Amino acid sequence: MGYIIDISHHQVPSKINYDKLAKEVVLAIIRTQYGSRTLDRHYKTHHAEFKKREIPTAAYAWVRGFNIKDMEKEATDFYNRTKDLDPVFWFLDVEEKSMSDMRSGISAYIKKLRSLGAKKVGIYIAHHLYKSFNLNLDEADAVWIPRYGINNGKVNVAPAYACDLHQYTSVGKLNGYSGNLDLNRLMNGKSLDYFTGKKAEPSGATVTPKPAQTSTVTIYTVKKGDTLSEIATKYKTTVAKLADLNDIKNVNKIYVGEKLKVPGSSTNSKQSILYIVKRGDTLSEIATKYNTTVYKLVKDNNIKNRNLIYPGQKIKIL
């Protein structure tokens, strides 16, 4: 496999032979901004040149928000500046303490980014800040950690914490660029397909769910005055089925605007697959196979630990 690189305007396009470099690279992660005020000077060129050579590109933004509102502003700027480039992944680059509660700030940033339309969102967290920042990494679809050890262009040490991407050097050398490059490797069983969105052909060991395990659901938005019993009657189902399907603890309490999955079909229905976990499965592999994200699987199935699933467990894929 080729190399995963991350670059910014420090790698000047005029000094890059994209034809040669593209032959070495399988994914380029490109900086859009350093906070909201500093826009990367060459990010559009980098995206265009790599895409021209059929190399997938992702995007990252250095986070500098000083409060929740500012974090949301940065997320909005990041999205608006990058959306037309259609990155395969969006990464938050968390390397400085820009506000007292970084956990809540990063959560607000991710929530805003997703609300705007970003599908796969990851977090790059500095190794020395991992513990003190205590970010909610379950909100991310991938965790990316730098740790170099002896920084000589090769892998010398692994991160002390679980991650999906490991940035192992800042002095990598590849054909097509004479300067230093950040190089990264896949970790935690993640495949390149997970990051690029290119689905590999299913292997013979992968078992496709049987038709009996597939159902159709309608997404219903709760309106003022609605009750579960009225919704159940309308869709010819039961309160018990609605409560079970939506993990509702109190059948007498639903909220205006809440999205409920309702058995049955409608013109706006989406196919729902019930996947039975098999030995050796991981959420990232299941997400890749069904063209979704780990974050969505975790959210839809109320999974507490994304690294812990077990054979026989039922995973709803919506």
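1. Conventions. The model is predicted, so that local features need pLDDT of at least 70 and side-chain atom pairs count only at pLDDT 80 or more, whereas totals for chains, interfaces and linings use all residues. Residues are numbered from 1 along each chain as its sequence is written, and side-chain values use heavy atoms, with hydrogens and water left out.

2. The strand β5. All five of the five residues of strand β5 (residues 90–94) are buried, so this strand is largely enclosed by the rest of the structure; here strands are DSSP runs of E with at least two residues, helices are runs of H or I with at least four, and both are numbered from the N terminus. Buried means under 20% relative accessible area, exposed means over 50%, and partly exposed lies in between, with a 1.4 Å probe and protein chains only. In a regular strand the side chains alternate between the two faces of the sheet. In β5, Trp90, Leu92 and Val94 point one way while Phe91 and Asp93 point the other way, and all are buried.

3. The neighbours of β5. Strand β4 (residues 57–62) runs parallel to β5 and is joined to it by four bridges, where pairing requires that DSSP finds at least two bridges between two strands. Ala61 has Leu92 of β5 as its bridge partner. Strand β6 (residues 121–125) also pairs with β5 in the parallel sense, over five bridges, and in β6 it is Ile123 that stands opposite Leu92. The chain passes from β5 through helix α4 (residues 102–116) to β6 in a right-handed β-α-β crossover, a term that applies if, with the strands pointing away from the viewer, the path from the first strand over the helix to the second runs clockwise. A right-handed β-α-β unit is likewise made by β4, helix α3 (residues 68–82) and β5.

4. The structure holds eleven salt bridges, each being a side-chain nitrogen of Lys or Arg within 4 Å of a carboxyl oxygen of Asp or Glu. One of them joins the side chains of Lys52 and Glu49, at 3.5 Å from N to O. These two residues are three apart in helix α2 (residues 43–52), and are therefore separated by about one helical turn. Lys52 is exposed, with a relative accessible area of 58%, whereas Glu49 is buried at 17%.

5. Salt bridges between distant parts of the chain. Asp164 and Lys190 meet through their side chains at 3.0 Å, N to O, in a salt bridge. This pair links distant parts of the chain, 26 residues apart, with Asp164 in the loop between β7 (142–146) and β8 (165–174) and Lys190 in the loop between β9 (177–186) and α6 (192–196). Asp164 is buried, with a relative accessible area of 1%, and Lys190 also counts as buried, at 10%.

6. The annotated domain. The UniProt annotation "domain: LysM", from an unreviewed entry, covers residues 218–262 and 273–317; its positions follow the numbering used here, feature names are shortened, and annotations may be inferred rather than shown by experiment. Residues 218–262 are 31% helix and 18% strand, and their end C-alpha atoms lie 5 Å apart. For residues 273–317 the values are 31% helix and 18% strand, with the end C-alpha atoms 5 Å apart.
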